[in-house]
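I opened this notebook page to record what I looked up in the structure. The entries follow the order in which I took up each topic.

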There are 2 protein chains.
Amino acid sequence: MVKITDVARHAGVSPSTVSYALSGKRPISAETRARVEASVRELGYRPHAGARALASSKSHVLAIVVPLRAGINVPVVMQFAVSAVTTARAHDHDVLLLTREEGEECLRRVADTALADALIVMDVQLHDPRLPLLRALDRPSVLIGFPADTEGLTCIDLDFKAAGELCVEHLAGLGHRVVGLIGSPPEVYVRQTAFAQRVVQGFTAAAARHGMSSTVHPCEATPAAAHKVAERLLREQPALTGVVVHNEAILEPLLEAFEQLGLRVPGDLSVTALCPDELAANLPVPVTSIAIPTTEVGERAVRLLMRKLEGAPVPQSTLLPPRLTVRASTARRVTG
Amino acid sequence: MVKITDVARHAGVSPSTVSYALSGKRPISAETRARVEASVRELGYRPHAGARALASSKSHVLAIVVPLRAGINVPVVMQFAVSAVTTARAHDHDVLLLTREEGEECLRRVADTALADALIVMDVQLHDPRLPLLRALDRPSVLIGFPADTEGLTCIDLDFKAAGELCVEHLAGLGHRVVGLIGSPPEVYVRQTAFAQRVVQGFTAAAARHGMSSTVHPCEATPAAAHKVAERLLREQPALTGVVVHNEAILEPLLEAFEQLGLRVPGDLSVTALCPDELAANLPVPVTSIAIPTTEVGERAVRLLMRKLEGAPVPQSTLLPPRLTVRASTARRVTG
DNA sequence: ATGAAAGCGCTAACAA
DNA sequence: TTGTTAGCGCTTTCAT
């Protein structure tokens, strides 16, 4: 293994000069720097991560906690993670993969052992048991998702309220007057996160603002439940012409149900969804949708951490604006 | 930060005694050990990862390289990774997440900087450009997947040849005599990995062994292509009653195509697939299938690495036996 | 602008 | 069975 003293000898300078030449933490003459860099290249020098971490108390490692439990959208999680890795690498950091399985313990462990300099936590619940620890920890962290109380934390996510609003506004712009939200399973509205409720808020508020009539229907993630909801909607709100779906698992069954009930999309019914583009784009009738900007969230989460590591102030909350992709499932309301 | 000397002082022993008491690398009297453990708990001591790595030249970190490119099944990759993390933790190791994006460079980097003790490489191609590096590296590695030449490497994967055979044998046992394999897109058979070819080998060999007539049809991953293949099969092999599908992207369209062509599954046609259970189980007609045992692969990959790190010999190749889950899509051939 | 030298916290000879 | 001590390779003060 080639070490810094080898480089120093080869370049005819002292080890500290090599260190400074590489870190740029103090001025080095152009000539010396060139010699050092040549030696580094020639010898293939790589600083030993452990030694560097020990001496500088910076591991240059970020930890990311991914969820495992049911109901989690795996590709979405993976996209967060991959985006985080890519961004971290651009900032000369690596990413340690943790699962939630070990619980808070693992957060404490990587922090206390100085394995990681900072933490990214996904799958945040409203009253997440990890919050006290995250607030107390001496290392910076960023949450992907919003707990009930963000005080003392740094959180980032899609602005789900704005997403709910945007869907309604799109429908309003197309002349729709009666809209319904088909949401997540009832239990999601209590446990897990606030995002489902935020969608409802945005949806309801925007509908009211536009003088539209609106209803909300939680729905289990089964085709049968989707069918029942479709029937109920039709029965209870015959004037309904616009639907927002926030439940990706039943988007397809729902569309099938509408078809079987004789409702054409978008002829009779305009449908928008909150779901991955991949899903929305590949349905028989491609669906107008808003996706979670996973890549951007992952990237910005890392950038927030970097700023915190530098001691710079960061906003407590970052809400990313939703972007709606118009596809074939929404159309102007046919009046008459 | 509480360090080993703090613990030593608190327990009234020397630092090395604390170290040995925790590592078990030399005998410690029960009494001393108890005192040390009490102090560790009381003070909340955690060894500094960097210091430990520097002194012992073991980082207790494994690196895993995940693929990003198109055509990759994200949930499958994620399952490998999560299983690897879980198993690594059980062996007191952590996992560093790398993306293939950086190429070989990142393998060299984590090895040279001693960030990771060992490597897990996924998405292995037949003539993977990383192979020379992996062979030359001073750190152990395990490949998930098989390149053309496994000499000097350690590889693990599902036994795809046996999987192809198992599908045919299942169909043979149900009385089918004419079978077809609907495979991956043509380009998969050249680039990427050997697994697609192995399935074909197993399929063909088993069919021959049972005196069955068999054909193979590569197929693009589009619904249109699926449709065309279904039509061709029907036209060219009217006696066909058994199908093996090794192309998860088109499994559903294919089943639809069969239905539209008037073929009932399993009444007229028995269908088996190589795909995730999740997919197979949730189709309109649940499909008899063989899944990649992702959890087992991930776990065993880590265990292989652990053995290599201990200096123990490990098999060059580990082929996991396929397990076929019988569902509604296969039935006894109706004769007459 | 550069060098010398003192640690960073831990492990593992070497001693006793 | 336990203690003493010399590093591991790097960063960073202090000195020049």
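**Conventions.** I noted that this is a predicted model, in which local features need pLDDT of at least 70, side-chain atom pairs count only at pLDDT 80 or more, and totals for chains, interfaces and linings use all residues. Residues are numbered from 1 along each chain as its sequence is written, chains are lettered from A and ligands numbered from 1 in the order in which they are written, and side-chain values use heavy atoms, with hydrogens and water left out.

**Domain record.** I looked up chain A in UniProt, where an unreviewed entry places the feature "domain: HTH lacI-type" at residues 2-56. UniProt positions are given in the numbering used here, feature names are shortened, and annotations may be inferred rather than shown by experiment. I then read the secondary structure over residues 2-56 of chain A and found 71% helix and 0% strand, with the end C-alpha atoms 20 Å apart. Helices (H or I, at least four residues) and strands (E, at least two) are DSSP runs, numbered from the N terminus.

**DNA strand C.** Of the atoms of DNA strand C within 4 Å of the protein, 59% belong to sugar or phosphate and the rest to bases.

I next listed polar contacts (pairs of N or O atoms within 3.5 Å; within protein, one must be able to donate a hydrogen and the other to accept it, and residues adjacent in sequence count only if both atoms are side-chain atoms). The side chain of Thr17(A) has an N or O atom 2.6 Å from a phosphate oxygen of DNA strand C. The side chain of Ser16(A) places an N or O atom 3.2 Å from a base nitrogen of DNA strand C. For Ala51(B), a backbone N or O atom is 3.4 Å from a base nitrogen of DNA strand C. Two or more residues each come from α2 (15-23) and α4 (49-56) of chain A and from α2 (15-23) and α4 (49-56) of chain B. I recorded α4(B) as giving the largest share, four residues.

**DNA strand D.** I counted 27 residues around DNA strand D, the closest being Ile4(A), Tyr20(A), Thr17(B), Arg26(B) and Thr32(B). Sugar and phosphate account for 56% of the atoms of DNA strand D within 4 Å of the protein. An N or O atom in the side chain of Thr17(B) is 2.6 Å from a phosphate oxygen of DNA strand D. A polar backbone atom of Ala51(A) is 3.4 Å from a base nitrogen of DNA strand D. Near DNA strand D, α4(A) gives the most to the surface, with four residues.

**Symmetry.** I noted that chain A can be laid on chain B with an RMSD of 0.1 Å by a turn of 180 degrees and a shift of 0.0 Å along the axis. The two copies are thus related as by a two-fold rotation axis. Copies are superposed by least squares on the C-alpha atoms of residues with pLDDT of at least 70 in both.

**Aromatic pairs.** How many aromatic pairs does the structure hold over all chains? I recorded two. Rings of Phe, Tyr and Trp (its six-membered ring) pair if their centres lie within 6.5 Å; planes under 30 degrees apart count as stacked, over 60 as edge-to-face and the rest as tilted. Phe160(A) and Phe195(A) form a tilted pair, 4.9 Å centre to centre with 40 degrees between the planes.

Key. Near = heavy atom within 4 Å.
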